[in-house]
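Open the model in your viewer and keep the selection tool ready. This tour goes stop by stop, saying what to select and what is there.

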Amino acid sequence: MDRRFVIAALISAGWTTQAAAESDLSKVIKAVTASKGGLTASQADSGLREALSLGAAAAVTRVARTDGYWGDSLIRIPLPDTLSKVQRTLKPLGLSGALDDVHLKMNRAAETAAPVAKGLFIDAIKALTIQDAIGIVKGGPTSGTQYLQKATTPRLTTLFTPPIETALQETGAVQALDRAIKRNGLNGYIKKEPKVYLSEFAVGKALGGLFHYVGTEETAIRTDPAKRTSAILKAVFG
């Protein structure tokens, strides 16, 4: 990649002076070319994209399976606070069955919806700009994840909602919540219709769990040699 072109792009992207652009570019080149033979800007760019792609794919695969959410205490989606309190109160009495059912099926719905994220992550990684790449290289161990989260959350929320709503309906979670509301006199606490109430909560928690593992995978690729499964990853992050 022509250095003059990169400098011009950096200035147009927000660096106000030639000197500032030169300084930042030098830092980035030094950070990503610290290997035995050195790396071109194109190789460094490829390495960053591959790392993000692998991390995102691994995260999606991890959560998009039976017990991906439910079987993982770190990202298991809890019941909303009001329902969780009632569940804890009723459980010792053996009366929490309806809420237990909602809890399980809400996690099953997230597992069903998760694969939709993969395509969006790929699109966001393809759209990386020079400025984005600089931020990721200069940032912390999950700076790439933060980029993906910022770039994809609005669209992911939109895309996750219909599958979550459908899955909640098909798995019986909406019906189970409706029964729990009626059985436990929760009408005054749940202001929205059960499908909307559950889906909004579940989507937020599902995305939080997904990005947790995108970040975990990114950190591992940056720090664990065993995770660098290609020559370009070894060169960029080794």
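**Before you start**

This is a predicted model, in which local features need pLDDT of at least 70, side-chain atom pairs count only at pLDDT 80 or more, and totals for chains, interfaces and linings use all residues. Residues are numbered from 1 along each chain as its sequence is written, and side-chain values use heavy atoms, with hydrogens and water left out.

**Stop 1: the whole chain**

Show the protein chain as a cartoon. It has 11 helices and zero strands. Helices (H or I, at least four residues) and strands (E, at least two) are DSSP runs, numbered from the N terminus. Along the sequence the pattern reads α-α-α-α-α-α-α-α-α-α-α.

Now colour by accessibility. Of the 238 residues, 42% count as buried. Buried means under 20% relative accessible area, exposed over 50%, and partly exposed in between (1.4 Å probe, protein chains only). Contact means heavy atoms within 4.5 Å. Among contacts with a separation of 6 or more, 74% join residues 24 or more positions apart.

**Stop 2**

Select D67. This residue lies in the loop between α3 (41–63) and α4. Its phi is positive, about 75 degrees, although D67 is not a glycine. D67 is partly exposed, because its relative accessible area is 31%.

Next select W70 and R76. The charged end of R76 sits over the ring of W70, 5.5 Å from the ring centre. The rule for such a charge: NZ of Lys or CZ of Arg is within 6 Å of the ring centre and within 35 degrees of the ring normal.

**Stop 3**

Select helix α4 (residues 81–90), where S84 is found. S84 counts as buried, at 14% relative accessibility. The C-alpha atoms of S84 and L99 are separated by 8.2 Å, and the two residues are 15 apart along the chain.

Now show α4 and α5 together. Their axes come within 9 Å and cross at roughly 135 degrees. Axes are lines fitted to C-alpha atoms, for helices over the stretch in contact, and angles run from 0 to 180 degrees between N-to-C directions. The two helices are therefore oblique to each other. Angles under 35 degrees count as roughly parallel, over 145 as roughly antiparallel, 65 to 115 as roughly perpendicular, and the rest as oblique.

The crossing of α4 and α5 is left-handed. A crossing is left-handed if the near helix is turned anticlockwise from the far one by less than a right angle, and right-handed if clockwise. Where do the two helices meet? Pick L83, V86 and Q87 in α4, which meet L99, D100 and H103 in α5.

Stay here and select S96, in the loop between α4 and α5. S96 is buried, with a relative accessible area of 4%. Leaving aside neighbours within four places in sequence, S96 is in contact with Q87, L90 and K91.

**Stop 4: two helices on α8**

Select helix α5 (residues 97–113) and helix α8 (residues 143–170). They pack at an angle of about 135 degrees, with axes 8 Å apart. That angle makes α5 oblique to α8. Here α5 passes α8 in a right-handed crossing. On α5, the contact residues include K105, M106 and A109; on α8, they include F160, P163 and I164.

The angle between α6 and α8 is about 145 degrees, and their axes are 10 Å apart. This crossing too is right-handed, with α6 passing α8. Among the residues in contact are L120, F121 and A124 of α6, and Y147, A151 and F160 of α8.

**Stop 5: the aromatic pair**

How many aromatic pairs does the structure hold? One. Select F121 and F211: their ring centres are 5.7 Å apart and their planes at 65 degrees, so the pair is edge-to-face. Rings of Phe, Tyr and Trp (its six-membered ring) pair if their centres lie within 6.5 Å; planes under 30 degrees apart count as stacked, over 60 as edge-to-face and the rest as tilted.

The pair links distant parts of the chain, 90 residues apart: F121 is in helix α6 (residues 117–126) and F211 in helix α10 (residues 194–223). F121 counts as buried, at 1% relative accessibility. F211 counts as buried as well, at 4%.

**Stop 6: towards the end of the chain**

Finish with R228, in the loop between α10 and α11 (231–237). Is R228 buried or exposed? Buried, at 9% relative accessibility. R228 and A51 are 177 residues apart in sequence, and 8.4 Å apart in space, C-alpha to C-alpha.
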